[in-house]
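I opened a structure I had not seen before. These are my notes, entry by entry.

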Amino acid sequence: MSQPNPGLPSSHHRRVACSFRDQCLLQIFQISLTSLNQLKNDAINKLQELALSLSLKCLSFDFVGTSIDESSEEFGTVQIPSAWKSVLEDFSSVQIFFDYYALTKPPISKESLECLVRLASVRRSLFTNDATRSKFLDHLMSGTKEILRTGQGLADHDNYHEFCRLLGRFRVNYQLSELVTMEGYGDWIRLVAEFTSKSLLSWQWASSSVYYLLGLWSRLVSSVPYLKGDAPSLLDEFVPKITEGFITSRLDSAQSGLPDDISEHPLDNVDLLQDQLDCFPHLCRFQYENSSMFIINIMEPILQIYMEKAQLQTGDNSELSVVEAKLAWIVHIIAAILKTKQSVGCSAESQEVIDAELSARVLRLVNAADSGLHSQRYGELSKQRLDRAILTFFQNFRKSYVGDQAMHSSKLYARLSDLIGLNDHLLLLNFFVQKIATNLKCYTESEEVIDQTLSLFLELSSGYMTGKLLLKLDTIKFIVANHTREHFPFLEEYRCSRSRTTFYYTIAWLIFLEDSAALFKSAMDPLLQVFITLESTPETMFRSDSVKYALIGLMRDLRGITMATNSRRTYGLLFDWIYPAHMPILLRGISHWADKPEVTTPLLKFMAEFVLNKGQRLTFDTSSPNGILLFREVSKLLVAYGSRILSLPTATDIYGFKYKGIWICLTILSRALAGNYVNFGVFELYGDRALADALDIALKMTLAIPLADILAYRKLTKAYFALVEVLFNSHLVFVLSFGTHTFMHIVGSLESGLKGLDAGISSQCASAIDNLAAFYFNKITMGEAPSSPAAVNLARHIAECPAVLPEILKTLFEIVLFEDCSNQWSLSRPMLSLILINEQMFTDLKAHILATQPLDQHQRLASCFDKLMADINRSTDPKNRDKFTQNLTIFRHDFRVK
């Protein structure tokens with residue numbers, strides 16, 4: 001049920017599904033309910049299971065065609081049709097699933113809960129009035145209250161998880177103001193609070209389920225300001241206990257260690273950690289003063305122990321690991337609180353003072369973590385988790401209190417000044433930067449810490465104000481002047497080599513903020529030394545490991561620096577530094593290492609960035625030949641790589657070994673061709689083979705890959721169609737010079753791209769087809785006779801394969817009429833060009849489409865086709881195209897009306 005037939009377009013499947021929903025689904029659901037009632041006292045479990053399964057399938061139906069993501073447990077409101085109203089307003093329809101939960105054992109009982117989760121998510125507009133909806137809510141609360149009271153079935157993990165989801169649905173579909181008016185609200189909220197507290201204590205068992213419970217409490221707390229009337233919410237009584245229970249349970253988990261069957265440490269599971277900590281801050285800020293005092297009172301003794309341990313010569317590793325795990329949890333919790341500003345019953349100023357109290361403890365911890373005994377523990381996992389928590393705290397603190405969007409006259413800085421002497425942005429930035437420098441110096445092997453540190457460094461540098469402030473700091477001046485492996489050992493570690501790109505991107509960004517050519521040249525000295533070393537290496541030694549790793553690092557560094565050039569001036573500094581002196585090393589690298597993707601990938605990615613004309617940064621003087629010279633280097637590089645990679649035997653991992661390098665090459669070429677900084681006519685005029693060789697090798701590389709593989713690998717697909725669009729737009733003469741077989745292969749691939757799910761690729765294919773069809777119309781259909789060689793070639797290709805253009809037009813009409821296309825404007829362009837080429841082709845297609853429709857609709861649909869071409873003349877000028885696009889929108893709407 002609700003499964004698509006792969007042989008049909010999605011729109012056709014949707015129409016079938018809607019028809020099934022309207023005519024059959026309610027009846028099937030009623031049959032399942034009747035069966036459940038009749039089988040209630042039956043001993044045959046299998047029949048009960050089948051009836052429950054049928055109910056669940058009905059309630060899980062995709063009622064409005066939103067294509068539910070089945071990999072996720074989450075879904076929004078269930079849009080049950082109005083015809084189901086009487087069934088769902090009947091109390092027994094809900095009660096039967098609670099009865100079956102009580103009667104059956106897992107896994108059947110879990111299906112009962114799944115049905116209840118969906119019933120709890122039914123849209124509010126389905127019910128006749130608020131009283132009926134309140135009655136429905138009362139039934140749900142009574143049923144869940146009974147399960148909470150008895151605890152029946154909750155010893156089974158699947159039941160437990162599903163029941164937490166059921167409670168979680170109360171936050172999505174019902175307001176606190178509705179819940180508090182229910183007769184049994186007081187007992188229900190007390191039982192939910194007790195259940196939540198027990199779940200928090202069972203952190204090993206319930207870690208993935210707690211998210212739903214915290215989400216419920218978070219939503220309830222957030223609704224308090226909007227609560228009207230006298231009915232008490234009772235949240236003041238229960239929320240502080242849950243807040244304290246959560247914090248205590250996290251620390252207990254650190255104290256007791258992890259059982260053997262847990263595959264991943266809770267602090268390493270970023271998604272689960274994020275889910276829990278996204279909801280929790282709302283609970284803390286509900287009674288912020290009390291919560292913060294609780295956190296401080298728990299943190300102070302642990303922090304004191306940690307600071308004392310720093311003074312020792314040696315320490316018990318396992319004991320220190322426990323202390324670090326506890327501190328990591330507390331820092332994560334404080335970081336999450338700072339990220340969330342919403343508060344109930346607490347002024348903004350007093351919030352900032354409390355934020356300062358919590359932050360001061362973390363900042364004291366940072367100083368202790370990098371001193372004494374702790375400065376020898378960078379290889380320990382618990383220390384790395386603590387530093388990752390500190391970095392998360394910095395990132396959240398920065399968003400609230402540092403930088404371009406932060407508050408300058410914040411009460412927080414006054415309180416921080418009293419507590420630890422940090423009284424403004426600059427001092428705090430300096431504190432952050434010192435920690436960044438320490439991490440980059442001391443961590444050599446932890447990719448996670450290095451990556452998160454660099455992410456923070458980049459965030460601080462990217463803000464205009466914070467970037468300018470950073471340049472005043474001595475630590476930043478030191479990093480900019482000494483970015484070598486002697487000072488930052490992670491640069492030498494191959495496993496961290498990807499991080500080099502971010503590191504150099506950030507450094508270059510800061511350098512370019514200063515607007516100083518002298519600073520740029522002095523900062524590039526370490527890279528210059530690497531170039532000199534590589535250039536002086538003899539050919540016989542160029543395949544050594546030292547050259548390999550030097551080359552990989554250098555290319556990653558240069559790519560980062562190139563990414564930071566976002567203006568003509570900054571790009572010009574880099575271009576003049578690299579070209580022509582150091583370009584030959586790229587060619588040498590490709591020539592010697594073409595069979596090693598770990599070398600060629602960073603090299604080609606650097607070149608792909610280097611030729612990208614973003615922000616018009618590649619704008620050379622009118623008398624400068626630099627654009628042409630750059631393209632010649634691109635051509636040499638592509639030919640060197642392409643000729644070698646095509647001659648190598650196929651490896652097991654064909655994508656990593658061959659396809660990845662090829663798609664980067666196609667990206668390089670399409671960016672260079674579309675960059676608008678080269679006059680390509682010059683090459684043919686002066687007999688220069690650079691353009692022809694680059695296009696030839698690109699064609700050979702694309703033809704070496706089966707079309708099925710091109711469409712299977714997403715990045716390869718994007719690179720291929722981006723290049724094809726550029727070729728059909730600006731180099732159509734080259735495309736038309738192919739043999740008919742090759743030409744038809746490429747045009748056939750465009751039709752496959754049109755049928756794909758990616759609207760961007762579909763639009764690129766449409767643009768390419770439009771250029772081809774417009775060329776045919778202007779040069780052949782409207783011309784006296786094909787005069788240019790390109791027109792002669794195209795006429796020959798089409799004569800040999802006359803079905804290709806009608807087939808493409810048919811595909812375009814089918815997509816527009818029968819599928820949900822988001823890029824109708826793009827698709828309309830080639831449709832007009834193809835219709836104008838041969839009106840008989842359009843007439844035949846019209847007859848074919850009408851033949852597929854019911855006979856009684858023919859007259860209406862034929863008039864739709866007539867209106868499509870109303871006021872359209874035989875030209876491809878923009879005004880005519882726009883008129884056709886308008887007509888097509890009306891045509892599509894009228895055609896699809898039942």
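**Entry 1: a helix pair.** I began with α16 and α17, which pack at an angle of about 145 degrees with their axes 11 Å apart. Helices here are DSSP runs (H or I, at least four residues), numbered from the N terminus. The axes are lines fitted to C-alpha atoms over the stretch in contact, and angles run from 0 to 180 degrees between N-to-C directions. From α16, the contact is made by Glu352, Asp355, Ser359, Val362, Leu363, Leu365, Val366 and Ala369. From α17 I listed Lys383, Leu386, Ile390, Phe393, Phe394, Phe397 and Tyr401. Contact means heavy atoms within 4.5 Å. I sorted these residues into 11 nonpolar, one polar and three charged. In that sorting, Ala, Val, Leu, Ile, Met, Phe, Trp, Tyr, Cys and Pro are nonpolar, Asp, Glu, Lys and Arg are charged, and the others, Gly among them, are polar.

**Entry 2: ground rules.** I noted that this is a predicted model, where local features need pLDDT of at least 70, side-chain atom pairs count only at pLDDT 80 or more, and totals for chains, interfaces and linings use all residues. Residues are numbered from 1 along each chain as its sequence is written, and side-chain values use heavy atoms, with hydrogens and water left out.

**Entry 3: the loop.** I looked up Tyr378, in the loop between α16 (348-369) and α17 (381-401). Is Tyr378 buried or exposed? Tyr378 counts as buried because its relative accessibility is 9%. Buried means under 20% relative accessible area, exposed over 50%, and partly exposed in between (1.4 Å probe, protein chains only). Leaving aside neighbours within four places in sequence, I found Tyr378 in contact with Asp370, Lys383, Gln384, Asp387, Thr438, Cys442 and Tyr443.

**Entry 4: Gln384.** I followed one of those contacts, Gln384, into helix α17. Gln384 has 10% relative accessibility, so this residue counts as buried. Not counting residues up to four places away in sequence, Gln384 touches Tyr378, Gly379, Tyr443, Ser446 and Val449.

**Entry 5: α41.** Last, I turned to helix α41, residues 824-837. Its 14 residues reach 21 Å from first C-alpha to last, close to the 20 Å expected at 1.5 Å a residue. The expected span is 1.5 Å times one less than the number of residues. How many of its 14 residues are buried? I counted 12, so α41 is mostly covered. What covers the buried residues includes α37 (740-755), α38 (759-781), α40 (804-818), α42 (839-851) and α44 (878-896).

Technical notes
Helix = DSSP H or I, 4+ residues; strand = E, 2+ residues; numbered from the N terminus.
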